[in-house]
Amino acid sequence: MPKESVKESGYRKNFSLIVTFIGLISVLFILSLFLAFNFSKKKIEGDFVSAKTNVLEESIKPYNDFFLNKLPEISYYNGYLDSTTAAKFVDTILLKYPFVKKVVFFDAEVRNARYEENGLNVGNFSVGMKSVYQFGTYIPEDSVKIFGTNSIASNTTLENFNELALKLYTFVHKLDTSRVPSQEDLFSNFSNIRPNRIDYFNIPRFEDLKVYKQMINTKLPSEPVYQQDMLSFELDPLKIKIKNNRPLLYQSVRIEPVTYDPLETSSEYVTGEITLGGPFSAYKLYFISAKSFIKKEIFSYFFPIAALILLFYGLLLLVAFLIYRNLNINHKMFKLQYDFITNLTHEFKTPVLSVIKIAGNNIKSAASISEREQKLYGKILDEEADKLNGLMNKLLAFTQIENKAVKLNEDRVNITEFIESTIDVHQLKHPDFKLSYEVTDFTHFTTDPVLLGSLFDNLLENAYKYSQPDKKQMHITARLIKDKIVLRFKDAGIGIPASEINNIFKKFYRIQNQYNQAGSVGLGLAFCKELVNFMKGEISVRSVVNKGTEFKIVLPFNQ
């Protein structure tokens with residue numbers, strides 16, 4: 001297979017592999033986005049169900065504080081609340097807990113004598129009301145006394161009181177006086193939770209409970225009397241402040257009766273509910289969001305995941321690009337090495353080794369050699385050996401300079417004499433080579449004359465080789481510009497295509513044209529660039545096809 005076909009085949013193979021790889025990761029990318037969106041959708045839909053509990057907990061925190069912390073404060077008074085103290089206590093509750101609508105204060109007592117009408121009488125044990133006061137949002141500033149001496153309590157008031165009083169009696173009747181009851185037992189038996197209402201007795205000391213126990217079983221001679229105050233709290237669940245801690249998930253949260261029949265039953269809405277519990281068990285938190293509203297939350301959760309997937313996809317694309325580039329670089333390096341070996345072999349064999357072999361065969365096969373033939377063959381062998389030696393020296397010098405294995409041997413050079421000497425050598429070698437020069441603003445500078453000579457020789461040989469027979473010419477200029485030596489080598493050769501300008505200084509690279517068919521290892525200009533870099537200078541080129549080429553070299557001016 002020809003070299004160009006091998007090259008194109010390699011590119012097509014590499015390109016196909018990379019396209020296949022990109023296709024696979026693109027399918028995985030799309031699949032990952034699809035799965036990520038479904039995951040986000042299920043996650044948000046799951047949150048819509050599970051996050052209701054968090055909203056409920058945040059919303060009823062004030063009630064929990066009221067029930068667990070504020071109510072037990074009644075017991076601190078040990079049953080010695082009066083209407084004034086009760087009014088102050090209730091005021092703090094009404095201000096802090098807006099869901100408490102009304103409070104009824106029962107100034108009650110436990111005694112070993114019967115209450116005829118306004119209390120609970122069980123045997124010798126009686127719990128009765130002395131007076132009842134009502135406080136609330138819709139009541140004037142002063143407390144309102146709704147029951148007192150010489151009056152009869154309403155049936156509702158008496159029922160509420162007797163219900164908790166009976167609970168108190170039952171607890172005391174079953175009380176084991178040999179051990180102290182737990183706080184949970186006391187709290188549950190001295191309070192009564194009903195829809196939208198909580199009744200609470202102050203909790204007596206354990207010693208007082210023992211006396212209550214004796215009252216039930218025995219008629220005590222002293223007929224003791226104990227203060228046993230009770231407060232009844234009427235609650236309004238609609239005054240609970242809802243704390244929607246997921247506003248991007250729940251478009252609307254409100255309190256509705258358990259029997260509430262929602263009107264938003266279309267497929268455009270998502271709804272949910274959770275019962276408040278306790279005294280508010282007849283009510284629920286009702287959640288509603290439009291599906292378009294939920295979709296915004298789904299996308300806000302999905303986009304960061306999609307960004308991570310996209311970043312990973314971008315990294316894979318970058319890896320694919322780097323692999324493709326490295327494959328191509330390796331392919332090019334292989335071609336360069338293949339061309340180098342081919343051209344180097346050709347350079348040795350044609351014409352150098354061929355000429356040597358022909359000369360050797362002629363000497364071997366000749367019966368006798370004249371003096372003229374001996375000199376001719378000797379000259380041929382000597383010249384071809386010099387060519388081989390020059391090629392090997394160039395390779396060796398290139399390698400040494402490239403690896404900084406040689407040192408710059410600086411010497412003072414007369415630039416005019418140096419250029420004239422170089423021109424003389426090349427015109428002697430190529431009589432048809434027209435060379436001219438111009439030196440401006442300086443005569444001497446310090447450099448390595450051997451390396452400078454190699455630089456001149458390579459550029460002059462290139463100009464001669466790549467020029468048409470009637471245009472083999474070059475003009476050299478040397479100028480001093482701002483402490484820099486600027487050398488220009490301008491020929492009238494075939495020129496260099498613009499697409500090849502960036503390649504000509506690459507090692508082993510050869511431009512394919514009619515002047516390069518005899519074989520070249522592609523080291524000339526690469527060698528020049530290494531020489532200039534080693535001499536701490538710069539080299540550049542301008543060229544127009546079929547018009548000529550100009551190489552510009554800038555070297556430091558050392559006197």
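1. Start with Phe171 and Phe190: in this predicted model, both of these residues are buried. Their rings form an aromatic pair with an edge-to-face arrangement, 5.7 Å from centre to centre and with 75° between the planes. Phe171 belongs to helix 4 (residues 155-173), while Phe190 sits in the loop between helix 5 (183-189) and strand 5 (191-194), so the pair ties together parts that are 19 residues apart in sequence.

2. Now widen the view. How many aromatic pairs does a search of the whole structure find? The search finds 35. One of them joins Tyr97 and Phe99, which make a tilted pair: their centres are 5.8 Å apart, and the angle between the planes is 55°. Tyr97 and Phe99 are both buried.

3. Tyr97 and Phe99 also belong to a cluster linked by ring pairs.

4. The charged end of Lys472 sits over the ring of Tyr464, at 4.3 Å from the ring centre. Likewise, Lys529 has its charged end over the ring of Phe505, 5.5 Å from the centre of that ring.

5. Finally, have a look at the surface. Leu308, Leu311, Phe312, Leu315, Leu318, Phe321 and Leu322 form a nonpolar patch there, and together they have about 710 Å² of accessible area. Leu315, one of these residues, lies in helix 7 (residues 291-365). With a relative accessible area of 45%, Leu315 counts as partly exposed, because that class lies between the 20% limit for buried and the 50% limit for exposed.

Key. Residues numbered from 1 in each chain as written. Predicted model: local features only at pLDDT ≥ 70, side-chain atom pairs only at ≥ 80, totals over all residues. Heavy atoms only, no water. Patch = residues over 30% accessible without salt bridge, like charges linked within 9 Å, V, L, I, M, F, W, Y side chains within 5 Å. Areas by Shrake-Rupley, 256 points an atom, 1.4 Å probe, with all protein chains shown as cover. Salt bridge = Lys/Arg side-chain N within 4 Å of Asp/Glu carboxyl O. Helix = DSSP H or I, 4+ residues; strand = E, 2+ residues; numbered from the N terminus. Buried < 20%, exposed > 50% of the residue type's maximum accessible area, 1.4 Å probe, protein only. Phe/Tyr/Trp six-rings, centres within 6.5 Å; stacked < 30°, edge-to-face > 60°. Lys NZ or Arg CZ within 6 Å of the ring centre and 35° of its normal.
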